[in-house]
Amino acid sequence: MLVLIITWLINISIGSISIPLKEVFKFLTGQHLENETWHTILIQLRFPKSLTLILVGVGLSISGLLMQTLFRNVMAGPSVLGISSGAGLGVALLLMGSGWLGWEKMEQAFGQISIVMSAVIGATLVLLLILLLSLKLKNNLSILIIGLMLSALTAALISVLSVFSTAQKLQEYLFWGFGNVSNLGFDAILFLFVLITLLSIWIIKFLKPLNLLLLGENMAQSMGVRLAFTKNSLLIIVGIIVGVITAYVGPIAFVGLAVPHIARMLFKTSDHKVLFPAVILLGALMMLVCDSIAQIGINGQVIPINAVTSLLGAPIVIYLIFKQKNYQI
Amino acid sequence: MIKEPTYIQLQTKNLSVGYTTSGKKIPIVDNIHIDIHKPTFVAILGKNGAGKSTLLRTLAQLQPALSGTIHINQKIVKNSSNDEAKLISVVLTEVEKGHQFNVYEMVAFGRSVYTNWIDQLTVQDKMMIENAMKWTGIQHLRHQKVAELSDGQRQKVLVARALAQDTPIILLDEPTVHLDVHHAMEMFHLFRKWVDEHQKILILTTHEIGLATQLSDEIWIIDQGKILQEPTVKILENNTIDQFFNTELIHFNKMIHTFEYIKTK
């Protein structure tokens, strides 16, 4: 917790203009800073961005934990099931396809909201598809493979779309794809906060069934877990969180996958009563660290946050799997 | 007049078990009439693939019955729920090993049917867990991870988990398959004692025919889609085991409860 707060302060203080930690602390305790520029930067850029980072980290990590347990697979994560890609396809259709689909007016009229909507719709559609297939296919591995196929499919569709789109539209989409956590207004942040808080409270009800699910579905069922209800509820929660987050900040890779693993390593347990709060803290921490690294950048150039999460997340996962011979969820 | 104590009742009517493949019902065992109304130790015997596990899993509500109904205390059991999990506990052969739970946590899961939403263990829960570990002799393993145990040890843990669930009916699918002779005998003895001391209905599938004929109350033999249900005494009396399991090479010696080679001249 303390580490999280310190990281938060550091994250707020760094950027193209670095602001001393002391001043950041003063700002957060509600005082007005003498340096007007610093004050403006903090209130309009750094502070909302840091809140976004925390919410995104928490949301994605929770989703990753739920998915890894549901699919009892260490490689499950929001980006693996194709949910992020679904959201991406939605955005691509809007940004690049609107020209020949005749949606331009809609895009102009709604702006940011239309991007959010199309991503949520895209994510939810992929999720529904997976849900439908999971009723047919009881095997979790098959569902994972279908998720991967859906990712490939949406990627291909996006490539096709890019052929028909203008250079400007393509660029717009590419920038969305890099991930951007600094564009959210306070209303969007508040919405994310309320959404993630409500869903987290809902998840707490499922902590016990989640533990039982780790013993296998038959075992869980024989101990009174309502299998279909539990699985569907959790999948819907994941879909909403991932869809909304992806819409707002673009596809952020590896955070959802890596954080639950780090939590298991640190706490050496599979108990969701421990892992759930752990993942919330570590998820926030991970995003703050990644963004701080992105801000420091290379030769003063800011790196896209998605690149940092992948650069950090991928080796962490590989390391974890190599370190433990019989890797266990 | 002495009043009979009321025990749990397990009944089935016209139960037919099997699989459904692409809409077609493939029955494995038909016409199963179960009527148990007192503490009983039942051993289900049968060759590999006869349908022992299918019957057990259907009774456990882990797969749907093709037709017919299962009744507990005269009430039809439809699908698994928390209430049903307070009546029936299940021990399966296969268990997920992809987790880091230790033996104590695993046995404690048996109590999760009774605990509150945050899975808090009461004093009574803890007592039941200790008791279940003592019965199965796994107290010394309590801090070990379930995934790191031997198959035999893990099997004991699973049995302990079911004992901790403390249900009137307990179903076990080949609970001694990974145990050596010595431990298998110990386990059967434990089942016998559990049924007698706690007034339970215990049904298991097994290939340990000799142990079943020595310790069970009833034996059900599944063979070619049919089920024969008899008290164990009668099975021995009529040399029924020999009818189902003998070959040209072996026969069942009921005096010593073992198969032996037929001595050729």
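Predicted model: local features only at pLDDT ≥ 70, side-chain atom pairs only at ≥ 80, totals over all residues.
Let me begin with the packing. The largest nonpolar core holds 141 residues, and within this core the residues that touch the most other members are Leu45(B), Met106(B), Val107(B) and Phe191(B). At least three of the core's residues come from domain 1 of chain B, which covers 1-85 + 169-187 + 198-265, and at least three from domain 2, which covers 88-166. If we take Phe191(B) and set aside residues up to four places away in sequence, its contacts are Phe41(B), Val159(B), Leu172(B), Pro175(B), Leu202(B) and Leu204(B). Apart from this core there is another, of 29 residues, and Leu10(B), Ala50(B), Leu56(B) and Leu62(B) are among its members.

I turn now to the interface. Chain A contributes 22 residues to the contact and chain B contributes 33 residues, and between them the two chains bury about 2400 Å², with 55% of that area on carbon and sulfur atoms. Of the area that chain B buries against chain A, 24% is supplied by Glu96(B), Gln100(B) and Phe101(B), which is more than any other three residues supply.

What polar pairing do we find across this interface? The rule gives five residue pairs in polar contact, both residues being at pLDDT 80 or more, and it gives one salt bridge. In the salt bridge between Lys273(A) and Asp119(B), the closest N and O atoms are 4.0 Å apart, and I would note that the cut-off for a salt bridge is itself 4 Å.

Over all chains, the count comes to twelve salt bridges. In one of them, Asp291(A) pairs with Lys49(A), with the closest N and O atoms 2.9 Å apart. Asp291(A) lies in helix H14 and Lys49(A) in helix H3 of chain A, so this pair ties together parts that are 242 residues apart in sequence. Both Asp291(A) and Lys49(A) are buried.

In chain B, Arg111(B) and Asp125(B) form a salt bridge with closest N and O atoms 2.8 Å apart. Because Arg111(B) sits in the loop between H3 and helix H4, and Asp125(B) in helix H4, the parts tied together here are 14 residues apart in sequence. These two residues, Arg111(B) and Asp125(B), are also buried.

Lastly, Arg154(B) forms a salt bridge with Asp151(B), and both lie in helix H5 of chain B, three residues apart, or about one turn of the helix. Arg154(B) counts as buried because its relative accessibility is 5%, whereas Asp151(B), at 38%, is partly exposed.

Notes:
Residues numbered from 1 in each chain as written. Chains lettered and ligands numbered in written order. Heavy atoms only, no water. Core = buried A, V, L, I, M, F, W, Y, C linked by side-chain atoms within 4.5 Å. Buried < 20%, exposed > 50% of the residue type's maximum accessible area, 1.4 Å probe, protein only. Domains from an automatic or database assignment. Contact = heavy atoms within 4.5 Å. Buried area = accessible area lost by both parts, 1.4 Å probe. Salt bridge = Lys/Arg side-chain N within 4 Å of Asp/Glu carboxyl O. Polar contact = N/O pair within 3.5 Å; in protein donor to acceptor, adjacent residues only side chain to side chain. Helix = DSSP H or I, 4+ residues; strand = E, 2+ residues; numbered from the N terminus.
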